[in-house]
Structure formats: C-alpha cells, structure tokens
Amino acid sequence: MSGAGEDLARVLRRIDGRGYPAYREIGGSWQLQSCTLEVRRVQRDPFAAPTRVAAVLKPERAGYDAATLATPSRRVGLSCLLARAFAAAARRCPRGGGSGRSGEIAIADPGQVVLANTAVLVGADGRVEVRFAVGLPAAGRRVLGRQAERLLLRTLPALVESTLPARAHPPATVALHAEVNEDADLMRAQLEGRGLVAFIADGSLLPRRSGIDDRPLGVDRATLFESPSSLRVTLDRANGPPLAGMGIPRGVTLLVGGGYHGKSTVLDALARGVYNHRPGDGREGVVTDPTAMKIQAEDGRSVAGVDISPFIGTLPGGRGTAAFSTPNASGSTSQAAAIIEALESGSRLLLIDEDTAATNFMIRDRRMQALVTGADEPITAFIDRVRSLHADAGASTVLVIGGSGDYLDVADRVVGMARYRPADLTSAAREVAAAHPTGRLTRAGSVSWPSRHRFPDPRSISARRGRRERFIKVRSLAAVDFGRERIDLAGVRQIVSRAQARAVALAIDHARTFMGDGAAMEDVLAALGESLRLHGPNVLDHRRTGDLASPRVQDVAAALSRLRSLRLRSGPRT
C-alpha cells in the first residue's frame, strides 16, 4: 500500500464508530498503488445519494497503444467498453452489511449504444478516468471504518485493475470496440453526400428481446436483414471492406406490409440509428441522419407559441394558429407542433408510425371529404404536406403505413415487409395506385414553413427548487423533474438512458445562457450544439459527475418545448 493509501487507512480506522459526518475527512485525492482515488463529494448520511468518486489511471498504467487512441471515435468506443466492463464487475461485488446504500458501487452503464459520456473518459494521451458512486458503509448513522477500508483500499483497486487497463481485455476486443465505432461514424458521414437519409447493412439483426430490453433477439429466432437489390448501396469503412445494405434516399419512403411482419421494427432501428452501437448488438451497420426525429401524437402535452398553421388553420371561434399555445394539446395539434418543433431543431428526417399517429391528422379520405366540407375542417392532413416538407423544408419522411393506400400517391418509394424481409414495391405500388384511384381531393396549396418565430424567455426556465439552485431528478426515461416542473418525455422516443435524460435536462438549463437579445430558438439550439461539440457533456455539470451521456440537440429542443413553464418573448424589431 502506498503512503497516501496508508494515510487513508489511518483516517478510516480513526473515524470508525463515529457519526456519519466524520466521513467528510476522506474528501480529496489519495494516491493508491494502482490509481489515484479522488473522493469528490461525500454523502451526508447512509440513505442519501452515494459518495461521488473517481479513479484515474496514468497513461503508462492504462497501457493503451497509439492506434487505439488515434481518433475521437476510437476513444469513445473504448470508453463505452470500459464503462460496461466496470458496471458488470461492480454488480458482482458483494455489498456486505450496513445501513442504506452501504457498500453500493454504481456507474452509468452505456447499454447497447455508444455515446460520449462522463462515466469513463479516455484521453488522447491514454489517461483513463472512471467516475462512479460508492455507498460508504455505516451501522445506523455510525461510520463502519474497517468495512470502508476494505471497500476503498481493496475492493475498488481490484475492480479498477480488472476492468480499466489494456491488459484486462483481449487486444482483439479492444480493437473491435474502437474500430466498429469509428466505422459507424464514417458511414453516417457518407449519407448526405450519397443523397441518403439512412442505411441498413445486410446481415443486421434488428429485432430486440422486448420493448424494455434493448439487447438483440437471439439469432435462432430472428431473420437477418437483406436489402432488395434495387436499393442496395455500399458505404466505405475505415477498418474493413465496404459494407453493402439498403440505402434510403431523401424524399418520402413508405414501409408497408401486413401486421407483425417487421415494419415498426425497421422504423425503430432507424430511430436508434442516430447512435452507434456496440459490437454484437446487431445494429452496428444501421446509420441514420443524426437529426432524425420520431414523431407521434401526444394527447395532453403542452405547446408554447408554435406556428402550426401549415397543418391547422383557424379554429372555431376565430382562434388563430400562427402562435398556438395550449396546456392540453389534442392528438392532431400535438403532432403538428412536434413536426414544426423538429424542423426548428434542424431535423432533416421525420420518422412516423401510423400506430402512434393521430388518424385525423394523417389522412382524410374521399368519403370524409365529401361528408365534412373544407370550410368545416381546419386540418390539412399530413398527406397533403409531406411532399412540401421535402421540397420546401428539406425534411424527408419515412412512414410506416398499413391501412391507408392513399399514401401511395405521394411516395417516392415503397418498401414492403413480408416475414421480416424487405422488397422494393415501388413499381407495384404505382400500378396499384393507377388501377385503383381513390378520388381523394388534394388539399395542398402553397405553404410557407415557419422559421425563427419563437424567442424563448430565459426567465420562464428555472431549475431552482427551494434552497437548491438546480434540482434535476430523472424519474424514468419518460419523466424528469426540472425545478418545480415535471417534463413529460414519453413522446421523446430517442432518449436511450437515464444518463442521457439527465443530460437533456441539464442542457435545457445550460441553454438559458444563450437566450435573450433577440435569440430565436434556432439560434439558441445552434449555440448549444456548438458548446456540446467543443466541450462534450462535461460542459453541463462542473461537478465532474459520471452520470451523463451526450444529448442530441433535437431531444433537448423537444424536452424544452414540453416544459410547461416555457414562455416566449417578442422577436426583434425589423
């Protein structure tokens, strides 16, 4: 044991049996034989949030070679491998006895996705820092110093040694995690230049175990993806031969087919394709435009000053919709608002499943058009705007459709799913549309897509609660407490972890610094995105916690728009 380690042991023996606040004496940095142990925040009592700790390995101790560390993509892939390994090993550590969270060791586990995070940081020089939480042992509210000594000076160093250095992993595993992540970033970067919004590699395994288990379904129970030849393209990789698969071009793409044949599974894979995935996930070769947003109806959500007039005209009673606000949106108004908000956040791809969409927003067939005349119907259905979304607003759409053949008239391409296998049905769909005209009347007309029409007021956004300057608590992926408000994230479907949900909430608070002085929502989001690009998720919390994963600007914008306290200011005078 090193000198600093011996010093820590003496402190823990001295405070053994004292009141729990005595643990504050161990705050600071301690040089152990295998790493530097930093106790950054000591918990108040055994039932409070656990103590925040970091372990730092110097480059020579970590032992990673230059090739593994060569690019940011490789380092992020490595960091997620180490975080998963540390999390799995920590779960196997016995907690022992004690009150409250005594003996608990916890770290944010990245799961199946690969995201820049604050749980494990890998520097370009090979320095490795792991941030985690530890429950300091106690009996009642008395210090268990001897147990704490075993935890901090035996269990934790062994945990670090078994998971963080290069020697703890087969070299091929380290290389694979670094290279797969680098390849995914390169493939996604090729989409725009190839005129694509998404790509699904041949051999991808898309089905998941369940709606609450993101791990892949067993190969023996799933059908591997194989592109139709007419849609097959190849994308280059940095660490292997080009990869072939189905490219989805810009425009309007329908996913059609019978129930339970894989349409929604493909759409869900595209929604998660905004992120990279770990080796063995099955979706390593699925890459989507990083701005893609999954859109759905959300009865009851709040809307603040959104111009939904492209979809919904003047409401009964003469109420305009160019600055629509409500604390309790309907299915149609919520879906209209979500689309405009997505455009505002810079989204270039909308993903919509008819199962979660508002029917009256998506389509009005010929019979209903005849029964309810245009003068009595303020809604312009999505089918009448989807072409303009692409041509005028620059946003493509991938749409799951199983019950409305009218969409065949507006689609650029139609992909049919049968027994989980895709087929290019574009030509057949056009023949069907020509042979079976619906007689539906198009209600398109000219449309001006809104921009720079919302100017958020920073005074309406506060994470303060009581004496706490910033109170943020992740209840679940569907709900986050933000100050005195609770943000309903059930309709923000691409947040993948509690760490990312927390980062989204912190990013809303950080975004306040860019508001005011005539800044439109687009300006605020652009500044926030640049701050995250330059500094990563660390910029969101100066306390250097390990519970954050990089948020997308689109998801931050969606969460901010659902903050019920959000108010707008008048725009700059022109």
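**Pocket, cores and strands**

Author: This is a predicted model. Its second largest pocket is lined by 26 residues, and those nearest its centre are Leu-115, Pro-290, Ser-550, Pro-551 and Arg-552.

Reader: What volume does the second largest pocket have?
Author: About 890 Å³.

Reader: Which helix supplies the largest share of the lining?
Author: Helix 13, with four residues. Helices that each supply at least two include helix 3 (72–92), helix 5 (171–190) and helix 14 (553–561).

Reader: And how many of the lining residues are nonpolar, polar or charged?
Author: Twelve are nonpolar, ten are polar and four are charged.

Reader: Changing topic. How many residues are in the largest nonpolar core?
Author: There are 81, and Phe-311 is one of those with the most contacts inside this core, as are Leu-254 and Met-362. Helix 12, residues 498–511, gives the most to this core, with eight residues.

Reader: What is Phe-311 in contact with, leaving aside its neighbours within four places in sequence?
Author: Its contacts include Phe-361, Phe-382, Arg-385 and Trp-449. Another core, of 52 residues, lies apart from the largest one, and Val-11, Val-39, Val-42 and Ala-119 are among its members.

Reader: Now strand 3. Is it mostly covered or mostly uncovered?
Author: Mostly covered: of the seven residues in strand 3 (51–57), six are buried.

Reader: Which way does strand 3 pair with strand 2?
Author: The two are antiparallel, with five bridges between them. Strand 3 also runs antiparallel to strand 7 (residues 128–134), joined by seven bridges.

Reader: What stands opposite Ala-55 in strand 7?
Author: Val-130. In strand 3, Ala-55 also stands opposite Leu-37.

Notes: Residues numbered from 1 in each chain as written. Predicted model: local features only at pLDDT ≥ 70, side-chain atom pairs only at ≥ 80, totals over all residues. Heavy atoms only, no water. 1 Å grid on protein atoms, 1.4 Å probe; cavity = no way out; pocket = protein on both sides within 12 Å on 5 of 7 lines; lining within 4 Å. Points joined across faces, edges and corners; volume = space filled by probe spheres on them. Nonpolar A, V, L, I, M, F, W, Y, C, P; charged D, E, K, R; others polar. Core = buried A, V, L, I, M, F, W, Y, C linked by side-chain atoms within 4.5 Å. Buried < 20%, exposed > 50% of the residue type's maximum accessible area, 1.4 Å probe, protein only. Contact = heavy atoms within 4.5 Å. Pairing = 2+ DSSP bridges.
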